[in-house]
Amino acid sequence: MPNLHRKGLVLEIPVSQNPNSTLEERTFVGSSVYNWLFECHGFLHNAILILASLAFVLYLAFKAKKSLRKLSNGRSSIMIAYYGCLWLFSLLNLVWSCLQAWECTPGKELAWNILSLLTTSGMLFMEVSLIAFLLQGDYAGGLEDLTRPFGLSALVVGLDIILKALYLFGFGIPLFIDSNEESHHMKWNLWFIHRLVLTSIYGLILFMYHSKWRERLPARPAFYKYIVIMFILNALSLFASALTGHGTGFGYWLYSTTIVCYHSFYLPLLYVTFLADFFQEEDLHLESVYYSEMKDAGFFDDDWD
């Protein structure tokens, strides 16, 4: 700040300390947006996750009024609980998808690991509980039937969270940060075992579909397709974990691809498999009622002439 001395008086002329502050602020914002979209995993990875997760949440919101009406009329404790969990974990997955840049941001490692742990555990809870419902043989509607699979799922996911927390906070292994993937063989050993268990379970259910125990499973093609898709996805992730644990670059790319597919499409797949038919039953019932009324009124008598 220059001073002009005149007759013992000091005349101060204010000068801007940072004349380019607005430009620098805009540059910083632009840089942040660029890093959020293009850095870390790249634009395609981030765009698929964000758009797929956002599209499913918007779809749930569009169907919310109709779904809530159906749930209130049906009063199925399983469907109410499942629908609520689906909303919760879909929103959590959307937040996780939008904050991908945290994985590569210094100082955000702890927050990213906690967010990833919560998101993956929530989706695993949905996955395990659906397997439990499948092994029950059919839809269940009572509170007692709801308690068993949800209790089993909570137990399995709780043990999974404890194990992963031990790796994260006990051993200091960044399970959900893959920027230095070759230096943590214990991490990939854990993911290999995790995928091996899931692949084995889905493989066992596929075997049951083609064995004398098939009658114990629901006779619904949608469930069979769900099991096939999840078996293939987990088998690929198992193979990718084994390759990445040995330092193979293709294994890391394949593993990242399976993660994108899982977080982008698993919740919509679960909705189509388990909930979509339930919400459509009211429409099918109304169509059947309208058809019966029109038939009784003689609207279709000419078809027999």
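Trainee: How many nonpolar, polar and charged residues does the lining of the second largest cavity have?

Mentor: This is a predicted model, in which local features need pLDDT of at least 70, side-chain atom pairs count only at pLDDT 80 or more, and totals for chains, interfaces and linings use all residues. Residues are numbered from 1 along each chain as its sequence is written, and side-chain values use heavy atoms, with hydrogens and water left out. On a 1 Å grid over the protein atoms alone, a cavity is a set of points where a 1.4 Å probe fits but cannot get out, a pocket is an open set with protein on both sides within 12 Å along at least five of seven lines, and lining residues have an atom within 4 Å of a point. With Ala, Val, Leu, Ile, Met, Phe, Trp, Tyr, Cys and Pro as nonpolar, Asp, Glu, Lys and Arg as charged, and the others, Gly among them, as polar, the lining has 4 nonpolar, 5 polar and no charged residues.

Trainee: Which element gives the largest share of the lining of the second largest cavity?

Mentor: Helices are DSSP runs (H or I, at least four residues), numbered from the N terminus. The elements α2, α4 (77-98) and α9 each supply at least two residues of this lining. The largest share, 4 residues, comes from α9.

Trainee: What is the volume of the largest cavity?

Mentor: The lining of the largest cavity comprises 24 residues, and Thr120, Phe176, Tyr255, Ile259 and His263 lie nearest its centre. Two or more lining residues come from each of α2, α5, α7 and α9. A volume is the space filled by probe spheres set on the grid points, which are joined across faces, edges and corners; for the largest cavity this is about 360 Å³.

Trainee: Does Thr120 count as buried or exposed?

Mentor: Thr120 lies in helix α5, and its C-alpha atom is separated by 9.5 Å from that of Leu92, 28 residues apart along the chain. Buried means under 20% relative accessible area, exposed over 50%, and partly exposed in between (1.4 Å probe, protein chains only). Because its relative accessibility is 16%, Thr120 counts as buried.

Trainee: Which element gives the most to the lining of the largest pocket?

Mentor: The largest pocket has a volume of about 430 Å³. Its lining divides into 16 nonpolar, 1 polar and 2 charged residues. With 8 residues, the element that gives the most is α7.
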